[in-house]
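Good morning, and thank you for joining. Please look at the model on the screen while I go through a few of its local features.

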Amino acid sequence: MESEAKEPTGVTRGQNAVHVMPLDWSAAEGVLATLVDRIDLGRAETQLLVVSADAESAAAAADAIVLAAGDRPIAVVAVTSSPRAGRLLKASPAHVVTGAPAELVSLLQGSALKPESVRGVVFAWLDPILETPEAKPLETLLGELPKEGARVVLAAEVTPALEALIERYARRARRATDTAGDVTGAPLSAEYVATAGTARAATLRRLLDALDLPRAVLYARSDAARADARRVARALGYPADAVRLSGGGEAPGADPIVLVELPTSREELRALVGTTGRRIYALVQPSQLASLRGLLGGGTVAPVALLEAAERARGRDAGLRASLRDVLASGDVRREVLALEPLLAEFDGIEIAAAALRLLEQQRPARPAAAAAQTQPMQRLFLNLGEKDGVRAAEIIGAITTEAGIPGSQVGKIEVRDTHSIVEVAASVAELVVGKLTGSVVRGRRVQARLDTPREDRPARSGPPVRGDRPVRSFDRGDRADRGPRSGPPRGDRPDRGDRPARPFDRGARPARPAYDKGDRADRPARSGPPRPAAPRGDRPDRPARPFNAVRKFDRDGGAGGTGRPTRPRPRRDDA
């Protein structure tokens with residue numbers, strides 16, 4: 001059917017898996033091969049997402065996927081820089097995208113990464129960033145991705161933080177991990193040399209020089225690592241029977257074994273070592289130390305002191321002694337002897353010389369570049385990133401050096417505050433850093449950078465002054481003369497009152513006014529109902545003025561002593 005032909009070939013949710021193995025992509029070749037085989041080359045869209053801890057891990061994951069893809073035209077993009085990766089993905093979508101959570105979220109927000117086509121997600125050794133601010137973008141990222149598809153978790157060890165990740169994003173996952181009962185025997189011990197993933201061959205050469213082993217076995221799983229180890233052994237002149245290469249599956253011997261790559265499990269390491277107690281040396285990255293301790297089952301882990309570093313330290317001391325010998329042989333140090341002579345009563349001469357040497361080392365600059373950076377003028381920059389964004393000073397330095405392309409010696413003091421950061425850079429590159437850094441993405445947030453001007457150098461504020469800027473009113477009249485006498489007619493002159501006596505204000509023994517006695521009459525209740533309208537006055541004729549000297553008597557009969565007003569007739573009562 002045509003609809004079945006277009007159905008996505010990605011894996012389903014039931015194929016979630018957890019693999020506990022060392023932090024080494026060569027150990028995950030089988031897991032990657034299965035996921036890469038399920039990529040549909042007929043679909044030009046992102047089908048597999050690898051979430052790593054940082055940019056370096058993303059680059060290593062992309063390299064391992066390219067190796068697993070072989071000659072197949074599978075497009076891979078490592079998001080070590082979100083602007084570059086965004087430009088590439090907008091031009092042509094890649095089948096596989098690898099990157100840290102914050103960088104992948106930035107691509108999602110910029111519409112460069114299309115989440116609806118993703119059919120598988122690999123959580124690649126996120127142990128270092130779990131339960132840190134760097135893992136917070138995971139929730140945003142997984143919220144945008146489809147629920148179907150495989151969720152594969154790669155981890156160095158099972159921790160509570162990892163269990164929470166599995167429970168939330170890869171439920172009911174099949175687990176491929178070692179348990180304590182799978183391996184028997186005493187714990188093993190090993191010595192290690194820390195190295196970078198790209199410097200494995202050079203570190204192997206230094207280790208063989210330092211140990212000077214007459215016979216050894218070099219263990220490597222991948223073909224590329226075995227080829228590098230074979231080339232180093234041949235270049236150092238080892239015969240083929242003195243230094244042998246092993247990929248596992250051989251009978252253990254007594255020769256010391258050098259782990260160019262870590263085994264995938266304790267059983268594999270036990271099979272390599274056997275029971276003869278052979279010496280174990282390992283080339284590990286700093287992030288692989290926890291995996292090495294887990295493979296040894298609790299044994300001791302000690303670093304190898306390479307002779308080159310010790311020789312360089314002894315060489316510096318020898319050069320210092322030679323310089324002192326030249327000064328003592330050809331120079332005049334009598335002035336210095338007189339200055340130090342009083343100390344001979346308290347200390348030995350060698351102790352005084354050692355103290356003088358320490359003072360000299362403290363005054364000497366550690367790096368010429370650092371001394372030069374202190375002498376050049378610096379410019380402060382303002383960045384809209386702070387502690388609330390989870391940003392650190394190291395990440396700010398990395399963003400500046402990566403985006404602007406300047407060395408770290410041109411970056412000075414960095415103050416990471418609550419909501420922003422203040423960065424000092426060389427004044428000659430300040431404008432370049434502002435232009436390159438503005439618009440870039442750090443911790444999933446777009447950066448805004450500008451020159452930080454001191455408050456005293458900022459221009460005065462324009463516009464009407466606010467109340468706080470109004471000057472204080474002065475009451476100093478200056479040189480203005482006194483007014484002098486008032487001219488014109490006098491204002492408000494009153495005539496002389498004479499010898500009028502002052503009015504007395506003593507009222508004497510005047511009795512107080514008695515209070516109004518209501519008697520036994522109860523209080524009148526409040527009036528209820530609507531207010532009573534006033535009676536209409538009508539058209540009354542003008543009433544003559546009433547005399548006030550008349551004796552008013554109310555004569556019901558209207559006699560001569562009355563007021564002359566007509567009396568109101570009274571109604572008669574019917575006796576009946």
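In which hand, left or right, does helix 5 pass helix 6? The crossing is left-handed, a term used when the near helix is turned anticlockwise from the far one by less than a right angle, with clockwise being right-handed.

Before I continue, this is a predicted model, in which local features need pLDDT of at least 70, side-chain atom pairs count only at pLDDT 80 or more, and totals for chains, interfaces and linings use all residues. Residues are numbered from 1 along each chain as its sequence is written, and side-chain values use heavy atoms, with hydrogens and water left out.

Helices (H or I, at least four residues) and strands (E, at least two) are DSSP runs, numbered from the N terminus. The axes of helix 5, residues 101-109, and helix 6, residues 137-144, come within 9 Å and cross at roughly 45°; axes are lines fitted to C-alpha atoms, for helices over the stretch in contact, and angles run from 0 to 180 degrees between N-to-C directions. Helix 5 is therefore oblique to helix 6. Oblique covers what remains after roughly parallel (under 35 degrees), roughly antiparallel (over 145) and roughly perpendicular (65 to 115).

In contact, meaning heavy atoms within 4.5 Å, P101, A102, L104, V105 and L108 of helix 5 meet P137, L138, T140, L141 and E144 of helix 6.

Turning to the strands, strand 15 (residues 411-416) and strand 16 (residues 421-426) run antiparallel and are joined by 4 bridges. A hairpin of 4 residues links strand 15 to strand 16, and E415 stands opposite I422 in strand 16.

Methods: Pairing = 2+ DSSP bridges.
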